[in-house]
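Please keep the structure in view while going through the numbered points.

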Amino acid sequence: MANTSFTAQMAAKLGLDESLIIPYGFDKAKVSLKALKPDHGKLILVSALTPTPAGEGKTTVSIGLAQGLQAIGKKVCLALREPSMGPVFGRKGGATGGGASSITPGESINLCFNGDFPAITSANNLLAAVIDNALFYKTTRLDQNKVTWKRVMDMNDRAMRTITIGLNKNGVCREDGFNITPASEIMACFCLAENLDDLRRRIDNIVIGFTADDEAVYAKELGVTDSLLAILKEAIQPNLVQSLEGVPAFVHGGPFANIAHGCNSVIATKMALSYGDYAVTEAGFAFDLGAEKFLDIKCRAAGLAPDAIVIVATIRALKMHGGVDKKCLETPDVEAVRRGVANLAAHIESAKNYKRPVTVAINLFAATDTEEEIAVVKELCAEMGVNCAVADVFGKGGEGAKELAQLVADSIQPSYPAFEHLYDLDMSVEERMSTIVKRIYGGDGVVLTKAAQKKLALMEKNGLTKLPVCMAKTQNSLSDNATLVGRPKGFKVTVRDFEIANGAGFLVALCGDIMRMPGLPKVPSACDIKVDADGHITGMKG
């Protein structure tokens, strides 16, 4: 496929001037920000139940649903997150869907896609270098022991979590460390920015540390914001690819959902809404993490609101929530599903807080799922008053998602009352967090450690708390205890510390041991990847 054929194909599909599509090879492109126009499409948010090692397939269902909408005659676009190479070479693999519901070219999307993550990494590290240069020349108010800005790399490397820099008189000697690129505040700013000017404002407002008297120091004081923008000016243009069935897909940005807000860029979402009558997007991990942040952080910042919510479940994952070992998931077990649906019910209840129609998508594993097990999920959904459809998106693509697509499309109302967020920013930080814990996690509130109380007082002193709260907790449980699967009750969430993402526009509450720099497993996925003499890659997971 020649460059012009892909851009011409996408221009025709979207109804977009081809001159606004910038080719990046034969099968991918970027789209000029000039292409943004007032959005008119209906926004469909895809989330899931609490993840398990059995897999839920949220991205696969998002792609399959979009293909299903196309199959029933709807004009639809996807807006998805870019994969990080940390999971690609670590344990999880990529994020391009699976089987007949994938976006292409998968290998390019999973590896340094159009240079976006390298640009974000470089911008982050330029700021880090300038901070240490200012400390060396004593041209900053920063206390060298109160620098909060870290370097990043898009790779899992536990050895880099804590390092000492400036040895042998090569700068100011201090303890530092690396985060993974999706955990960078530059990534969060990038994904929440509406345009370059908005990105400039957000970078200016980044808190890079504190003075000896605990006054916040901002990135704008270093005078390099425009240099960071110079690095990011092409990356901020959203990427355009397509699904296997030709659905246009804007794939752009990718903050993690357990330590950040977990959504693709606002620009990509608005581009999808500009050119599709329906825009399908996803939020990271389960409803309690990604979807809550999508709705209370991203939608609040960008003036967005969903028109419908889809929650993905698999029979396999429900069995694990019902106490079945991963090795036994292929054995039919109706009672385990019956126990496990409590987790799904919790997420359905959470979604109902936002007063939008909810549909459950059962991501079918055709070889092992039984009608009796599926009937348990359908029975729960009927009792809770939500739609439910089986979706064979991995095996059949859009054809396998037509029932789901029709249910979702039919559930959307012509108009809705004004969208209400879960909490108001005039509430105290503790009240905001307790609201999330009680109404989304099903817990009894929050407990702040002494360290967290001290840090919150520092944030309040600097006027940094009138922001949405980003709860950074495990993705493996509704609680802050990763071992509590299913639907735990009677727990409180312990907040051990706070971090400020002032440029991005949220306050991060750290609950438990959240890794900003993951490690590799004993045998990483990198060991399975092979490249032949012609450059063809095999062994890469989704």
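1. Lysine 270 is in contact with Leu36, Asp39, Glu194, Ala302 and Leu304, once its neighbours within four places in sequence are set aside. This residue belongs to helix H9, which covers residues 266-275. Is lysine 270 buried or exposed? The model is a predicted one, and in it lysine 270 has a relative accessible area of 16%. Buried means under 20%, so lysine 270 counts as buried.

2. With a relative accessibility of 32%, arginine 496 is classed as partly exposed. Not counting residues up to four places away in sequence, arginine 496 touches Thr449, Ala451, Ala452, Leu510, Gly512, Asp513 and Ile514. Lysine 450 is 46 residues away from arginine 496 in sequence, yet their C-alpha atoms are 7.9 Å apart in space.

3. The sheet that contains E22 deserves attention next. It is an open sheet of three strands in the order E20-E23-E22, and its pairing is mixed. Why is one side of E20 and of E22 left without a neighbour in the sheet? Strand E20 (469-472) and strand E22 (497-501) stand at the edges and each has a single partner strand, so one side of each has no neighbour there. On average, neighbouring strands of this sheet are turned by 25° against each other, direction ignored.

4. Within this sheet, E22 pairs with strand E23 (residues 506-510) in the antiparallel sense, over five bridges. Aspartate 497 stands opposite leucine 510 in E23. In general, the strands of a sheet pair through backbone hydrogen bonds, in either a parallel or an antiparallel manner.

5. Two helices lie across strands of the sheet. Helix H16 (residues 429-441) lies across E20, E22 and E23 and runs at about 55° to E20. Helix H17 (residues 450-461) lies across E22 and E23, at about 30° to E22.

6. A hairpin is formed by E11 and E12, with five residues between them. Strand E11 (residues 207-210) and strand E12 (residues 216-218) pair in the antiparallel sense over three bridges, and valine 207 stands opposite tyrosine 218 in E12. In the turn, aspartate 214 has a positive phi of about 65°.

7. How do helices H2 and H15 pack? Helix H2 (residues 58-71) and helix H15 (residues 402-411) meet at an angle of about 80°, and their axes are 8 Å apart. Angles of 65 to 115 degrees count as roughly perpendicular, and H2 and H15 are therefore described in that way. Val61, Leu65, Gly68, Leu69 and Ala71 in H2 meet Lys402, Leu404, Ala405, Val408 and Ala409 in H15. The residues of this contact comprise eight nonpolar, one polar and one charged.

8. The largest nonpolar core has 142 residues, of which Ile208, Leu344, Val377, Met433, Met471 and Phe498 touch the most other members. Helix H5 (residues 116-137) gives the most to this core, with 10 residues. Leucine 344 is in contact with Leu49, Ile311, Ala313, Leu318, Val360, Val377 and Leu380, leaving aside its neighbours within four places in sequence. A second, separate core of 33 residues includes Val61, Leu69, Val310 and Leu404. In soluble globular proteins, nonpolar side chains tend to be buried together.

Conventions:
Residues are numbered from 1 along each chain as its sequence is written. This is a predicted model: local features need pLDDT of at least 70, side-chain atom pairs count only at pLDDT 80 or more; totals for chains, interfaces and linings use all residues. Side-chain values use heavy atoms; hydrogens and water are left out. Two strands pair if DSSP finds at least two bridges between them. Helices (H or I, at least four residues) and strands (E, at least two) are DSSP runs, numbered from the N terminus. Axes are lines fitted to C-alpha atoms, for helices over the stretch in contact, and angles run from 0 to 180 degrees between N-to-C directions. Contact means heavy atoms within 4.5 Å. Angles under 35 degrees count as roughly parallel, over 145 as roughly antiparallel, 65 to 115 as roughly perpendicular and the rest as oblique. Ala, Val, Leu, Ile, Met, Phe, Trp, Tyr, Cys and Pro count as nonpolar, Asp, Glu, Lys and Arg as charged, and the others, Gly among them, as polar. A nonpolar core is a set of buried Ala, Val, Leu, Ile, Met, Phe, Trp, Tyr and Cys residues joined through side-chain atoms within 4.5 Å. Buried means under 20% relative accessible area, exposed over 50%, partly exposed in between (1.4 Å probe, protein chains only).
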